[in-house]
Amino acid sequence: MSDKDSTAVFAASVGTSFTNLVDTDGVVIKTVDMHTGGEPLRIIVSGCPTLSAKTILKKRGYMNKYLDHIRHLLMFEPRGHFNMYGALVVLPDDREADAGVLFMHNEGYGMMCGHAIIALGRYFVDYEYVSYQEPETQVNIQCPRGLVKSYVQCSGGKTGNVRFESVVAFVFETDLEVDVPGFGKVTVDVSYGGAFYAFVPDSSLGISLSTSSIAAITDAAWAVTEAVKTAIVLDHPESSSLAFLNGTIVTDGNDTWSEEPTSNICMFAEKEIDRSPTGSGVTARVALQYHKKLIKFGQTRVFENAKTKSRFTGKPLREAPLGKYNGVVVEVSGRAYYTGENHFILEEGDELGKGFLIH
């Protein structure tokens, strides 16, 4: 028997015996896994019960209340990890949308996620949710935060880079002085790009994005997040459900426009570290730079994750007022890659298999 023949027989026998060996208790979930700039995205394709709620925000609430065990199952160990990120494809209630999506991570459910939009743009074209068109296919994705229009490069039957137009981004407060335990008084800016972030240069915290450990950066960012949450009450013109601080982005302080990349690290949720430059974070940072007159329309900036060196680009497109805020729409672009397909099960009697985290 050739190596090729033996491999085929082995694969067939494993597949056959596996279905006979395990009792899944009815739980079989299919996912497509991707990453954008190193940040994972596990897309739940099938196996999750249908969400009966009518609007996407109500679907988010229903998922949190009744189906949170799915998040635990797929985001937590032993199938996931502390920094795992996921997306559940749902039916949209916005007539313009091609698909809807709920975001999930170690803490709960996000409102907007740029790295996920970049990955989902490719996925929705490749898996024929929309018709393939060259040189670019538009995909409208309804997120809990609202409709996001993405544009997928298409050539020779293949998908490539994805760009998207953000929701209206705006600056909430600049030069906010907060007392950060262990770091003293620190000046931060707070900006919104689909989620609220505090922004602070690494030098203000006595650390370096290039040389400090990720643990030191995480601890500093967490301390800033907690201090900002205590110091201010956030407000969003459209919904109180959007008015929460998603995390802190530590930057290299190089905010004046340049052809050279600027780096940052985003800490969000429950001390989760983004491996990418962070799509909603880039959006909020461009809005902050535009507000401070450090970048102009027509100027594109490269944003780099300080550790993985993965890159997104961001540029301000147009002004867009939102309530009392002078907002701006930002274009963010990047590239996502497939890492595999999975069929996840929960074998009967496997309590640890329901999900746990050690960190």
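Biologist: Where should I start with F172 and F196: are they buried or exposed?

Modeller: Think of relative accessible area as a scale: buried is under 20%, exposed is over 50%, and partly exposed falls in between, with a 1.4 Å probe and protein chains only. Here, both F172 and F196 are buried. Keep in mind that this is a predicted model, where local features need pLDDT of at least 70, side-chain atom pairs count only at pLDDT 80 or more, and totals for chains, interfaces and linings use all residues. Residues are numbered from 1 along each chain as its sequence is written, and side-chain values use heavy atoms, leaving out hydrogens and water.

Biologist: How many aromatic pairs does the structure hold?

Modeller: Rings of Phe, Tyr and Trp (its six-membered ring) pair when their centres lie within 6.5 Å; planes under 30 degrees apart are stacked, over 60 edge-to-face, and the rest tilted. This structure has 15 aromatic pairs. Take F170 and F196: their ring centres are 5.8 Å apart and their planes sit at 80°, so they pair edge-to-face. F170 belongs to strand β8 (residues 170–180) and F196 to strand β10 (residues 196–201), so this pair links distant parts of the chain, 26 residues apart. Helices (H or I, at least four residues) and strands (E, at least two) are DSSP runs, numbered from the N terminus. Like the residues you asked about, F170 and F196 are both buried.

Biologist: And what about the rings of F172 and F196?

Modeller: Those centres are 5.9 Å apart with planes at 85°, so that pair is edge-to-face too. With F172 in β8 and F196 in β10, the pair ties together parts 24 residues apart in sequence.

Biologist: Which residues do ring pairs link into a cluster?

Modeller: Look for Y123, F124, Y127, Y129 and Y338. Y338 sits in strand β17 (residues 336–345) and is partly exposed, at 31% relative accessibility.

Biologist: What sits over the ring of Y151?

Modeller: We say a charge sits over a ring if NZ of Lys or CZ of Arg is within 6 Å of the ring centre and within 35 degrees of the ring normal. In this model, the charged end of R163 does that, 4.2 Å from the centre of the Y151 ring.

Biologist: Which phi value does E128 have?

Modeller: A positive one, about 65°, although E128 isn't a glycine. E128 is in the loop between α4 and β5 and is exposed, at 69% relative accessible area. K271 also has a positive phi, near 65°. You'll find K271 in the loop between β12 (262–268) and β13 (272–273), partly exposed at 32%.
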